[in-house]
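Subject: Structure for your review

Dear colleague,

Please find below a structure that I am passing on to you. I would be grateful if you could look through it before reading my notes.

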Amino acid sequence: RDVDAWTLLQRAERLRKNGRAAASRDTAAALLALRQADSLAAAAADRDPNWVAPVVLRGWVAYDQTDSSFDKRQRVAQIRAGLDRAEQAVRLAPGDAAALELRGVLRYRLWRQNVNPDPAQQALLLNGAQADFEAATAADPSRALAFARLSSLYYQRKDRFSAVMAARRAYEADAYLSNADGILYQLFWTHYDLEQFTDATRWCTEGARRFPANTRFVECRLWLLVSPSATPDVQGAWGLSRQ
């Protein structure tokens with residue numbers, strides 16, 4: 001409802017994109033851009049306290065900062081800071097798909113850090129992340145990234161069938177997502193583990209077609225050669241290995 005708040009958020013989103021783009025080549029520049037993005041998003045939230053988007057963006061900025069930290073304690077601190085923002089966003093807008101997805105992502109990342117020695121607390125994190133992803137995708141079925149992360153979570157639980165379904169929903173929602181190669185690889189592995197080798201071959205082939213320079217989609221052809229449905233081809237296997 002506030003034009004200045006909207007403008008501040010656009011500037012914050014631009015700085016976040018700049019920070020993410022710089023992360024692989026200049027960590028200091030990436031962190032500076034992310035901190036500036038957080039400051040602008042905070043200013044936007046101050047101007048329009050009932051608007052959930054700036055709070056969600058601040059949570060994503062905290063998430064992005066974990067990628068620039070090589071120290072586990074710093075990563076965990078950033079994840080927890082992001083979780084605080086996510087909880088704030090969910091309180092501000094219960095049922096908001098973006099807020100739920102953010103909280104799910106941060107819970108899942110904290111679970112993967114394995115910082116809690118209590119298995120029950122670890123299980124609570126994983127269960128909470130799953131519930132958030134499921135609620136976010138139910139509220140907004142176009143959230144391809146939430147489906148992709150839900151697929152990864154199901155795979156961790158060894159629920160291969162659900163992992164396949166979620167990965168397919170991710171690909172159907174946005175086949176040109178930034179991590180489409182990861183989704184295709186997930187589709188290959190979930191079908192492979194289910195011994196659905198025809199479908200596994202389909203997704204391996206699709207990955208190789210779309211991402212010919214990605215080694216994953218050469219490796220998956222090697223895995224298919226040792227499946228029960230394959231015709232042994234030692235010379236072809238050595239060729240794939242060299243490739």
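The notes below concern the aromatic residues.

Please bear in mind that this is a predicted model. The structure holds 14 aromatic pairs. One of them joins Trp60 and Tyr63: the ring centres are 5.4 Å apart and the planes meet at 85°, so the pair is edge-to-face, given that an angle over 60 degrees counts as such. Both residues belong to helix α3, which covers residues 53–66. Because Trp60 and Tyr63 are three residues apart in this helix, about one helical turn separates them. Trp60 is buried, with a relative accessible area of 13%, and Tyr63 is likewise buried, at 11%.

A stacked pair is formed by Phe211 and Phe217. Here the distance is 6.3 Å centre to centre, with 25° between the planes; planes under 30 degrees apart count as stacked. Phe217 is buried, at 1% relative accessibility, whereas Phe211 is partly exposed, with a relative accessible area of 24%.

Phe211 and Phe217 also belong to one aromatic cluster, together with Tyr185, Phe188, Trp189, Tyr192, Phe197 and Trp223.

Finally, a charged residue sits over an aromatic ring: Arg160 lies over the face of Tyr155, at 4.2 Å from the ring centre.

With kind regards

Notes: Residues numbered from 1 in each chain as written. Predicted model: local features only at pLDDT ≥ 70, side-chain atom pairs only at ≥ 80, totals over all residues. Heavy atoms only, no water. Phe/Tyr/Trp six-rings, centres within 6.5 Å; stacked < 30°, edge-to-face > 60°. Helix = DSSP H or I, 4+ residues; strand = E, 2+ residues; numbered from the N terminus. Buried < 20%, exposed > 50% of the residue type's maximum accessible area, 1.4 Å probe, protein only. Lys NZ or Arg CZ within 6 Å of the ring centre and 35° of its normal.
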